[in-house]
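Work through the exercises below with the model open in a viewer. Each task is followed by a stepwise solution.

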Amino acid sequence: MKKITPFLWFDDQAEEALRFYVSVFKNSKILEVTPGPGGKASTVRADLDGLELIGLNAGPKFTFTEAISLFVDCNDQAEVDALWAKLSANGGEEGNCGWVKDRFGLWWQIVPKALGELMGDPDRAKAKRVVDAMLKMKKIDVAGLERAHRG
């Protein structure tokens, strides 16, 4: 196990959620399932493309909020589109500015590399136009950011 590992509290869907996440992200796998009472997993450990996560089935006392999210650095629009579609499907929810909540209630930030590059332009007017455009988006649209950058 890594020194620091995100630990996610689920009602009773930890195994279902982590198996879903493993199916969404390349180079991912379930590492361990610890049995719990009634045949459900107690904990599930997974590697999501290098990030180790642990899911715990612990009942409905706590739920996820936007106060915690997982940031995904995407290479291009195609990767943004694919991840957005998978994470928002089957009861997920589109948020603003590249945020999406999956059907288990966990928030993700699906962000193309171009956003940081364009927002970091030393020409502050161009960077501001990019930020203003991003603030109007749900899923980040690289072409829209580039148009805003050009003015």
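**Exercise 1.** Which residues does Glu-52 touch, not counting residues up to four places away in sequence?

*Solution.* The model is a predicted one.
Step 1. Locate the residue: Glu-52 belongs to strand β4, which covers residues 51–57.
Step 2. List the contacts. Glu-52 touches Met-1, Lys-2, Thr-5, Pro-6, Leu-31, Arg-45, Ala-46 and Asp-47.
Step 3. Look for a polar contact in this list. The side chains of Glu-52 and Arg-45 make one, at 2.8 Å.
Step 4. Classify the exposure. The relative accessible area of Glu-52 is 7%; buried means under 20%, so Glu-52 is buried.

**Exercise 2.** Which strands stand at the edges of the open sheet of four strands?

*Solution.* Step 1. Write down the strand order, which is β5-β8-β7-β6, with mixed pairing.
Step 1. The edge strands are β5 (69–74) and β6 (93–94); each has a single partner strand, so one side of each is left without a neighbour in the sheet.
Step 2. Glu-93 stands opposite Lys-101 in β7.

**Exercise 3.** Determine where the buried residues of helix α5 point and what covers them.

*Solution.* Step 1. Helix α5 runs over residues 142–150, and its buried residues are Val-142, Gly-144, Leu-145, Ala-148 and His-149.
Step 1. These residues cover an arc of only 160° around the axis, so they are on the same side of α5.
Step 2. The elements covering the buried residues include α2 (77–88), β8 (107–112), α3 (113–119) and α4 (124–134).
Step 3. Inspect the residue that follows α5: Gly-151 has a positive phi, near 90°.

**Exercise 4.** Characterise the largest pocket.

*Solution.* Step 1. The volume of the largest pocket is about 420 Å³.
Step 1. The lining has 15 residues, of which Phe-25, Asp-49, Val-72, Glu-79 and Leu-83 are the closest to the pocket centre.
Step 2. Assign the lining to elements: β5 and α2 each supply at least two residues.

Terms used. Residues numbered from 1 in each chain as written. Predicted model: local features only at pLDDT ≥ 70, side-chain atom pairs only at ≥ 80, totals over all residues. Heavy atoms only, no water. Buried < 20%, exposed > 50% of the residue type's maximum accessible area, 1.4 Å probe, protein only. Polar contact = N/O pair within 3.5 Å; in protein donor to acceptor, adjacent residues only side chain to side chain. Contact = heavy atoms within 4.5 Å. Pairing = 2+ DSSP bridges. Arc of directions from axis to C-beta. 1 Å grid on protein atoms, 1.4 Å probe; cavity = no way out; pocket = protein on both sides within 12 Å on 5 of 7 lines; lining within 4 Å. Points joined across faces, edges and corners; volume = space filled by probe spheres on them.
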